[in-house]
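Let us walk through this structure one piece at a time. Keep the model in view as you read.

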Amino acid sequence: MPHPRTSSVAAIAAAGIAAAIAAVPACAQAGDGARPIAIAIHGGAGVIEPARMTAAKAASYRAGLEAALDAGYAVLERGGSALDAVTAAVRMLEDDPQFNAGRGAVLNHEGDAELDAAVMDGTGPRAGAVAAVRHVKNPVDLARLVMEKSNHVLLVAGGAEDFALEHGVVLVPRSYFRTEARERELEEERRTPAAGAAKGSRGTVGAVALDRGGHLAAATSTGGLSNKLPGRVGDTPLIGAGTYASTDCAVSGTGQGEYFIRGVIAYDICAVAQYTHATLAAAVHEVIQERLKRAGGEGGAIALDAAGNIVMDFNSVGMFRGARDSRGRREVAMYRDGKGQAP
Ligand code: ASP
């Protein structure tokens, strides 16, 4: 009797082969001989329930996503690397207080932000990450410095901040992260901790990109979960859990990090695609809609392959997201039906 998983993987493989055949003419349609470039971003899977989303808020989130998407795409358009593109997009989202990263990071149980970030360059591969930093304005830049200027992959807390000081990274007082909105949110969640934990955070940010040279990269940055215990580290800075890139596949995830860590979700998406020859869409579906959901985890991921196929999928109520590529796609959306506006 075949294990049920066997048949589902076989089905993915069959679908993958069919879709791979179908995908050939689609690439050829680009017709200009140039290699594709593409970028996708997310602003977190913990979006506001559609009923509570106002038109003004929706417009503001859209503007933030579009600015980051276009900033990352501009890097690729002028021949920049995928690594530069994801760093530029994530840095911009970190500076936007609407998102749970950098300036808008959610606060831990003691009222401080503790930030996690990672970058991975599929070429090499190379990776860098930081966790539980409290004074770094743009953790994605520090993660990149760890990758480029140290022999390590992950630096945490005080050690990461000493490294930041040595390399002239911008440090800020802890008050920089204590925005009114996040303090209010923390108060709410302190009153109803169960609701807070279940809801998770809002607006972790991430990006995946493919450059003209065919290189893939991924970056993710977050404040983690609101009301988390001090010292808690999520999936974002753990290579393979919340962030992953290879020569074939790049992924940035968002959702309840503990589930992403246990399921090694970002790597699993790339592994399913590689080992079963599934399309990227089928691999993301299998991992996010089947495996993650079966485990009880809520969240989503953006993924990109070396042919420039972008997949953005989630099992939560929505996921702030955007995609742009050299085939003419440019979109920003929040909920399942692709809507970016309040219904
Ligand atoms: N994955 C992040 C964490 O658990 C949170 C999120 O994506 O919303 O730290």
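This is a predicted model: local features need pLDDT of at least 70, side-chain atom pairs count only at pLDDT 80 or more; totals for chains, interfaces and linings use all residues.

Begin with strand β11, which is covered on both of its faces. On one side, G318, F320, G322 and R324 are buried. Now count along β11, residues 318–325: 8 of the 8 residues are buried, so the strand is largely enclosed by the rest of the structure.

What pairs with β11? Strand β1, residues 38–42, pairs with β11 in the antiparallel sense over 5 bridges. Within that pairing, A38 has D325 of β11 as its bridge partner. Strand β12, residues 330–335, also pairs with β11, again antiparallel and over 5 bridges. Here G322 is bridged to V332 of β12. β11 and β12 form a hairpin, with 4 residues between them. In the turn, G328 has a positive phi of about 105°.

Turn next to a pair of helices. Helix α9 spans residues 265–276, and helix α10 spans residues 280–295. They pack at an angle of about 135°, with their axes 8 Å apart. That angle makes α9 oblique to α10. Their crossing is right-handed. Which residues make the contact? From α9 come I265, D268, I269, V272 and A273. From α10 come L280, A283, V284, E286, V287, R291 and L292. The contact residues divide into 9 nonpolar and 3 charged, with no polar ones.

Definitions and conventions: Residues are numbered from 1 along each chain as its sequence is written. A residue is buried if 20 or more other C-beta atoms lie within 10 Å of its own, exposed if 12 or fewer, and partly exposed in between; C-beta atoms are placed from the backbone. Helices (H or I, at least four residues) and strands (E, at least two) are DSSP runs, numbered from the N terminus. Two strands pair if DSSP finds at least two bridges between them. Axes are lines fitted to C-alpha atoms, for helices over the stretch in contact, and angles run from 0 to 180 degrees between N-to-C directions. Angles under 35 degrees count as roughly parallel, over 145 as roughly antiparallel, 65 to 115 as roughly perpendicular and the rest as oblique. A crossing is left-handed if the near helix is turned anticlockwise from the far one by less than a right angle, and right-handed if clockwise. Two residues are in contact if their C-beta atoms, placed from the backbone, lie within 7 Å. Ala, Val, Leu, Ile, Met, Phe, Trp, Tyr, Cys and Pro count as nonpolar, Asp, Glu, Lys and Arg as charged, and the others, Gly among them, as polar.
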